[in-house]
Amino acid sequence: MLHLLILLSGLVACALSAVVPNGMVPQLDGRIVGGASTTISNFPWQISLQRYGSHSCGGSIYSAKMILTAAHCLQSVTASALKVRAGSTFWNSGGTLVAVAAFKNHQAFNPRTMLNDVAVIRLSSALAFSPAIKSIPLANKTPANGAPAAVSGWGRQAMGATSLPSTLQYIDVSIISEIKCASSAYDYGSEIQKAMFCAEAVGKDSCQGDSGGPLVSGGVLVGVVSWGFGCALPDYPGVYSDVAAFRTWIITTASTV
């Protein structure tokens, strides 16, 4: 259910080392295309990561003071410019808005290849858990090829759209293993690397604004929306950071950031 994209066209040119197919633009900030409106009570681990008051990325509640998101969401920004809204169906109102105290990107994050695209955020104050605000367990194994999953977010609802939905959206997708996504069945080839996997559904995808958000399967967080070409394009499914591969790093970093 998670897929990946980019916010700033200036970052697109340097974000990937692959040659971009004619007419395509690499997307690195996630998107919900072909989704349906939902409420935060169905995805209470979902947060809106905001820069200077505007939604920029998604994220997942790891603990009362810790958020998991994508490293590319935190490029060229300071903690003072960031806030997190939790517990609301709407990115721009309701719930709880909390300042960010600090964050840490994976030390080996590579913005060209998107390897190690994970980051941990520490909030300035603890969230009060409720039916609308809950943490989600981290996966301890990579999801199987074909496993059902869901991705949620406030990303754009069509490739090239200029506005975000105010209401939380979600889609159901199927997991594509790292090996299969890198095979000739799809068009990414060697761009799919270790600790990445894909997910897809016909005519559905994540889009700009969904990056960093949760891909959930079997009640656990299995992926972080990372990158992809376009939104809902054939042969270019969304690409996710494999949470199980980063589990030790997340747990360790969350205790020290």
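A polar contact is a pair of N or O atoms within 3.5 Å; within protein, one atom must be able to donate a hydrogen and the other to accept it, and residues adjacent in sequence count only if both atoms are side-chain atoms. The structure discussed here is a predicted model, in which local features need pLDDT of at least 70 and side-chain atom pairs count only at pLDDT 80 or more, while totals for chains, interfaces and linings use all residues. Residues are numbered from 1 along each chain as its sequence is written, and side-chain values use heavy atoms, with hydrogens and water left out.

**Arginine 85**

The side chain of arginine 85 makes such a contact with the backbone oxygen of glycine 94, at 2.8 Å. Arginine 85 lies in strand E6 (residues 82-86); helices (H or I, at least four residues) and strands (E, at least two) are DSSP runs, numbered from the N terminus. Its relative accessible area is 12% and arginine 85 is therefore buried, where buried means under 20% relative accessible area, exposed over 50% and partly exposed in between (1.4 Å probe, protein chains only). Apart from neighbours within four places in sequence, the residues in contact with arginine 85 include Ile47, Ser48, Gln50, Trp91, Asn92 and Gly94; contact means heavy atoms within 4.5 Å.

A nonpolar core is a set of buried Ala, Val, Leu, Ile, Met, Phe, Trp, Tyr and Cys residues joined through side-chain atoms within 4.5 Å. The largest has 60 residues, and among those with the most contacts inside it are Leu49, Leu68, Val120, Tyr188 and Ile250. Helix H3 (residues 243-254) supplies the largest share of this core, five residues. A second, separate core has 13 residues, including Ala149, Val151, Ala199 and Val222.

The buried residues of H3 are Val243, Ala244, Phe246, Trp249, Ile250, Thr253 and Ala254. They pack against strands E4 (54-63), E5 (66-69), E7 (96-105), E8 (119-123), E13 (220-229) and E14 (238-242). At the start of H3, a side-chain oxygen of aspartate 242 comes to within 3.2 Å of the backbone nitrogen of alanine 244. H3 spans only 14 Å between its end C-alpha atoms, whereas a straight helix of 12 residues would span 16 Å at 1.5 Å a residue; the expected span is 1.5 Å times one less than the number of residues.

**Aromatic pairs**

Rings of Phe, Tyr and Trp (its six-membered ring) pair if their centres lie within 6.5 Å; planes under 30 degrees apart count as stacked, over 60 as edge-to-face and the rest as tilted. By this rule there are eight aromatic pairs. One of them joins phenylalanine 43 and tryptophan 45 edge-to-face, at 6.0 Å centre to centre with 80° between the planes; both residues are buried. Phenylalanine 229 and tyrosine 236 form another edge-to-face pair, at 5.3 Å and 85°. Phenylalanine 229 is buried, with a relative accessible area of 3%, and tyrosine 236 counts as buried at 7%.

Ring pairs link Tyr188, Trp227, Phe229 and Tyr236 into a cluster. Leaving aside neighbours within four places in sequence, tyrosine 188 is in contact with Trp227, Phe229 and Tyr236, and also with residues including Cys181, Cys198 and Pro237.

**Paired strands**

Two strands pair if DSSP finds at least two bridges between them.

| Strands | Bridges | Bridge partners |
|---|---|---|
| E10 (residues 169-176) and E11 | three | isoleucine 176 and cysteine 198 |
| E11 and E14 | four | methionine 196 and serine 241 |
| E9 (residues 148-153) and E12 | two | valine 151 and leucine 215 |
| E12 and E13 | four | valine 216 and leucine 221 |
| E13 and E14 | four | glycine 223 and aspartate 242 |

Strand E11 (residues 196-200) is mostly covered, with four of its five residues buried. In E14, five of five residues are buried. In a regular strand the side chains alternate between the two faces of the sheet. Strand E12 (residues 214-217) is covered on both faces: Pro214 and Val216 are buried on one side, and Leu215 and Ser217 on the other. The hairpin of E12 and E13 has two residues between the strands, and in it glycine 218 takes a positive phi near 65°.
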